[in-house]
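Colleague: I am new to this one. Can you walk me through the model, starting with the ligand?

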Amino acid sequence: MGLPWIGETMEFYKAQRKNQLFEEFVQPRITKYGKIFKTRLMGSPTVVVNGADANRFFLSNEFKLVISSWPSSSVQLMGKDSIMEKQGERHRCLRGLIGTSLGYAGLEALVPKVCNSVQLHLKTKWHGQEKVSLYRSTKVLTFSIVFECLLGIKVEPGMLATFERVLEGVFAPPIRFPGSKFSRAIKARLEIEKMLISAVREKKKEMEGRLEGGEEDGFLMSRLVSGIIKGEISEEEVVDNMVLLVFAAHDTTSYAIAMTFKMLAQHPNCYALLLQEHVDIMSNKIPDENLTLEDMKKMKYTWQVARESMRLFPPIFGSFRKAIADIEYEGFTIPKEWKVLWTTYGTHYDDDYFQDPLSFNPSRFEEPIPPYVYVPFGGGPRLCAGYQLAKLNILIFVHFIVTHYDWSLLYPHETITMDPLPFPSHGMPIKISPKLL
Ligand code: HEM
């Protein structure tokens with residue numbers, strides 16, 4: 001378990017920064033000790049678990065044997081009232097409220113909104129350019145999609161930068177001294193809080209002023225505010241969950257999109273198949289007609305490509321849980337209060353589950369994948385609440401790019417950095433030129 005208190009934290013961080021957490025930290029220990037091993041990270045004794053059985057056991061026993069466990073800085077910055085800090089009945093209630101906009105029912109309304117956002121983004125940021133930073137561009141886009149399409153709040157200049165200052169502190173040591181990452185993040189969080197509180201109160205006033213009350217604009221903020229009016233949710237809960245949604249959606253979706261394009265650039269045969277899918281969709285439409293949910297369902301191969309890219313490059317490495325009871329698992333006892341780290345790589349890179357796991361092969365998703373094997377979105381009660389929005393965002397973005405642009409990577413061998421989430425080290429610059437289909 002390494003040195004007292006600090007344990008193997010330095011080795012963990014060192015491997016993480018290079019995006020080699022699995023290859024340099026987890027894999028060698030699996031070889032030495034097996035798929036379940038103990039270590040000490042950031043002061044906590046931690047059991048790292050890998051494999052579908054472990055994923056099933058720990059993810060589905062959320063609230064019964066384990067609870068999600070985030071570093072203190074994340075909790076302070078996301079807010080103690082965000083869904084990630086909630087358990088049991090309160091968690092279920094918040095999921096219900098958030099799920100109305102993010103679930104299947106909300107999708108139909110989201111498709112045209114996301115299409116319009118992508119088109120506007122391309123018109124204002126890509127049009128007339130020869131080179132764009134794909135990753136950076138998708139970050140700006142996913143940020144505005146969460147705010148404008150999901151929450152119904154207009155993005156003002158400077159908001160993204162303020163948000164990014166919060167994100168920079170999420171995994172930083174929670175030490176407050178002038179100029180520290182964490183202090184800057186707390187200051188940024190206060191600015192965001194002020195802005196969101198004023199948006200929520202304004203919406204509440206507007207909704208209470210209406211004769212019927214109601215939530216007819218369909219945006220998530222209105223649904224949450226309606227929850228405040230009905231006494232189902234507090235103002236603090238609304239604000240903290242809006243912050244969390246932006247955090248959860250932002251870097252994850254942009255990284256998934258970036259890696260999808262990286263894989264398409266490296267596999268021209270797959271690109272040709274994917275492109276044909278989009279040409280076929282376009283051929284049944286009149287010029288400028290928007291995409292529909294039905295069109296999304298036709299993007300089967302595109303979704304296989306995106307899924308395979310997320311298998312090889314999962315945006316989330318895994319996440320921490322805390323044992324709330326002594327746990328007997330596979331002949332081991334995990335004492336109460338110990339941390340458990342489940343990983344996506346532990347199944348994604350294992351040839352017990354995926355044949356020739358390091359090769360890119362989207363067609364492996366033609367067959368159903370057994371539960372808890374493919375886990376970029378987690379599983380159990382904390383399965384990603386934004387899965388459907390992420391899927392829409394990725395498919396719609398891919399559609400508009402491949403049908404409107406010829407593109408190529410400027411740095412085909414660009415490395416990936418992790419801080420704390422993975423991203424292409426140079427922002428993934430690509431060369432673009434308008435395409436005439
Ligand atoms: C490709 C994009 C995405 C990936 C890979 C991803 C991945 C994940 C994972 C692995 C978890 C579970 C974490 C855990 O078990 O501790 C999670 C939870 C969550 N995600 Fe996502 N996510 C993505 C996009 C989104 C989007 C677009 C939203 C919302 C707009 C979102 C909202 C959430 C929320 C609210 C949770 C917490 C659920 C809970 O605690 O009940 N995610 N996500």
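Colleague: Which helix gives the largest share of the shell around the ligand?
Modeller: Keep in mind that this is a predicted model. Four elements each supply at least two shell residues: helix 5 (88-102), helix 11 (235-266), strand 5 (318-323) and helix 16 (387-404). The largest share is six residues, and it comes from helix 11.

Colleague: How many residues surround the ligand?
Modeller: The closest are His91, Ser319, Arg321, Arg382 and Cys384. By type, the shell divides into 17 nonpolar, six polar and three charged residues. The number surrounding the ligand is 26.

Colleague: How far is an oxygen atom of the ligand from an N or O atom in the side chain of His91?
Modeller: Polar contacts count within 3.5 Å. For the side chain of Arg95, the ligand oxygen to N or O distance is 2.9 Å. For that of Arg321, the distance is 2.7 Å. For the side chain of His91, it is 2.6 Å.

Colleague: Are helix 9 and helix 11 roughly parallel or oblique to each other?
Modeller: Helix 9 spans residues 181-209 and packs against helix 11, with the axes 10 Å apart. Their crossing is right-handed. The angle is about 120 degrees. Roughly perpendicular ends at 115 and roughly antiparallel begins over 145, so helix 9 and helix 11 are oblique.

How values were computed: Residues numbered from 1 in each chain as written. Predicted model: local features only at pLDDT ≥ 70, side-chain atom pairs only at ≥ 80, totals over all residues. Heavy atoms only, no water. Near = heavy atom within 4 Å. Polar contact = N/O pair within 3.5 Å; in protein donor to acceptor, adjacent residues only side chain to side chain. Nonpolar A, V, L, I, M, F, W, Y, C, P; charged D, E, K, R; others polar. Axes fitted to C-alpha atoms, helices over the stretch in contact; angles between N-to-C directions. Parallel < 35°, antiparallel > 145°, perpendicular 65-115°, else oblique. Left-handed = near helix turned anticlockwise from the far one by under 90°.
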